[in-house]
Amino acid sequence: MTQTIVVLGGSYAGLQVAHRLVKNTRKTVKDLKVILVSKNSHFYWNLASVRAIIPGIVKDEEFSQPIEKGFAKYPSEAFEFIVGSAEASDLVAKTVTVSTAGGDRVLSYDHLVLATGTRTAGDDVVPWKASGTHEEIMDQIHKTAERVKTAKHIVVAGAGATGVEVAGEIRYEYKDKEVLLLSGDAHILGGDVTAGSAETELKKLGVTVQTGARVDRAVVLPDGKTEVTLQNGQTILTDLYLPTMGMAPNTEYLPSSVLKADKFVAIDEFYRVKDAANVWAAGDIVWTPRGGFVIADKQAAGVAKNIDLALHGKGPTPVKLLPMDVFVCAVGRGRGVGRMGSVKLFSYLVYMAKGKTLGMQMMPGILNGTNY
Ligand SMILES: Cc1cc2nc3c(=O)[nH]c(=O)nc-3n(C[C@H](O)[C@H](O)[C@H](O)COP(=O)(O)OP(=O)(O)OC[C@H]3O[C@@H](n4cnc5c(N)ncnc54)[C@H](O)[C@@H]3O)c2cc1C
């Protein structure tokens, strides 16, 4: 009887799990079928979003490629790709309801992989994650790029890695635009050991950094400008407001019994979803120990291995992550900050590892499954 694995989410984690199962597990489990479901018909290399909003620097196809192309080599009895959104699930009956352009589909599974990741606050205006359809994401990027081009004053709210990268990219390209980076905390990057170096690099580029500046609200005025009000009452009028703060899990289609209080998925050491049979999770949706595509990579490999073991009647093994936390953050197209564990990395090393290409050269390997 066919073993059906449904993978939800066509990004770093979901693509990898799907490829590993069709490519490797199917060698020994011949009647295996993988169904990959994604809202976005394309694999969006969102790490490049911070540069994609600068007009004319990267081409669309360098950071967005059709998922179907990456899986075209597999026979239809082994793999199916559905562009659609998981809207509901019944983890007892083992079904997921997916809304597609052609209507709802109810998919039955033997194993289910949750890899629907996260979205950023304000994702209706900013394209930092793959929140919408391909068309919606590209539209957001192009519109934001157009607004970056014409704006004279830009507020980037939230001084985590995304905010630092966005502010750095804009000032690297445009020396005549005023870029104000607002940090809700007393230090940027949440006070990480790299925060001081990042602030120095940003100042060299001409970014104005304001700390202790938590946004209360942002209101678009009739003339198109935005009035940003901080919690301390200060108001800032800007041509373009780019929020980068807050990360929410895409878990609305799941029962609350498998979610933690923060709405991320509850898992055990095997990345099995708690209180559900044959359900696994990988990537930002588990936020363990935090979000990160390098972490998602390890988790996806572990989940694929554990499903493989289950299909061979064996028990799971604990999923191993990186031995230390690695953090890299580009600051403009020439420099960056980073650390391995608590050891700081040279700016040039971060530039070579991330800032130069924002990892876009890695996209084909994940999309086509040639990495595994
Ligand atoms: C600007 C920026 C820079 C970053 N830089 C780095 C870095 O240098 N290093 C690093 O390790 N990490 C970095 N990250 C984090 C990285 O982007 C995430 O860790 C990664 O995207 C997680 O991948 P994922 O597969 O878990 O899910 P996501 O990338 O969040 O994608 C989720 C997928 O699920 C789909 N989806 C969502 N809801 C549904 C649904 N209901 N039904 C069907 N499909 C759905 C989406 O369309 C999408 O395809 C960065 C993030 C940002 C924003």
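The model is predicted: local features need pLDDT of at least 70, side-chain atom pairs count only at pLDDT 80 or more, and totals for chains, interfaces and linings use all residues. Residues are numbered from 1 along each chain as its sequence is written, and side-chain values use heavy atoms, with hydrogens and water left out.

I begin with the ligand. How many residues surround the ligand? There are 33, and the closest are Ser11, Lys129, Asp284, Phe293 and Lys354; a residue is near a molecule or strand if one of its heavy atoms lies within 4 Å of it. Polar contacts are pairs of N or O atoms within 3.5 Å; within protein, one atom must be able to donate a hydrogen and the other to accept it, and residues adjacent in sequence count only if both atoms are side-chain atoms. A polar side-chain atom of lysine 354 lies 2.7 Å from an oxygen atom of the ligand. For lysine 129, the distance from a side-chain N or O atom to a ligand oxygen is 2.8 Å. For serine 38, the corresponding distance is 3.5 Å. On its own the ligand has 1,000 Å² of accessible area, and the protein covers 93% of that area. Accessible areas come from the Shrake-Rupley method with a 1.4 Å probe, and for residues only the protein chains shown count as cover.

Which elements give two or more residues to the shell around the ligand? They are helix H1 (12–23), helix H2 (49–52), strand E5 (79–90), helix H6 (161–173) and helix H8 (293–311). Helices (H or I, at least four residues) and strands (E, at least two) are DSSP runs, numbered from the N terminus. The largest share of the shell, three residues, comes from E5. By class, the shell residues divide into 11 nonpolar, 17 polar and five charged. Here Ala, Val, Leu, Ile, Met, Phe, Trp, Tyr, Cys and Pro count as nonpolar, Asp, Glu, Lys and Arg as charged, and the others, Gly among them, as polar.

I turn next to the strands. Two strands pair if DSSP finds at least two bridges between them. Strand E19 (residues 326–331) pairs with strand E20 (residues 335–340) in the antiparallel sense over six bridges, and the bridge partner of alanine 330 is glycine 336 in E20. The hairpin of E19 and E20 has three residues between the strands, and glycine 332 there takes a positive phi near 80 degrees. E20 also pairs with strand E21 (residues 343–345), antiparallel and over three bridges. In that pairing, arginine 339 has lysine 344 in E21 as its bridge partner. The hairpin of E20 and E21 has two residues between the strands, and glycine 341 in the turn has a positive phi of about 65 degrees.

A further sheet is open, with three strands in the order E13-E14-E15 and antiparallel pairing. Strand E13 (215–220) and strand E15 (235–238) stand at its edges with a single partner strand each, so one side of each is left without a neighbour in the sheet. Four bridges join strand E14 (residues 226–230) to E15, and valine 228 stands opposite isoleucine 236 in E15.

The pairing of strand E10 (residues 153–157) with E16 is parallel, over four bridges. Valine 155 stands opposite tyrosine 241 in E16. Both faces of strand E16 (residues 240–243) are covered: Leu240 and Leu242 on one side, and Tyr241 and Pro243 on the other, are all buried. Buried means under 20% relative accessible area, exposed over 50%, and partly exposed in between (1.4 Å probe, protein chains only).

I close with individual residues.

Most residues other than glycine have a negative phi, and most peptide bonds are trans. Tryptophan 287 has a positive phi near 45 degrees and is partly exposed, with a relative accessible area of 31%. Tryptophan 287 lies in the loop between E18 and H8, and proline 289 is also found in the loop between strand E18 (279–281) and H8. A cis peptide bond joins threonine 288 and proline 289, with omega about -5 degrees. Leucine 358 has a positive phi near 55 degrees and is buried, at 0% relative accessible area.
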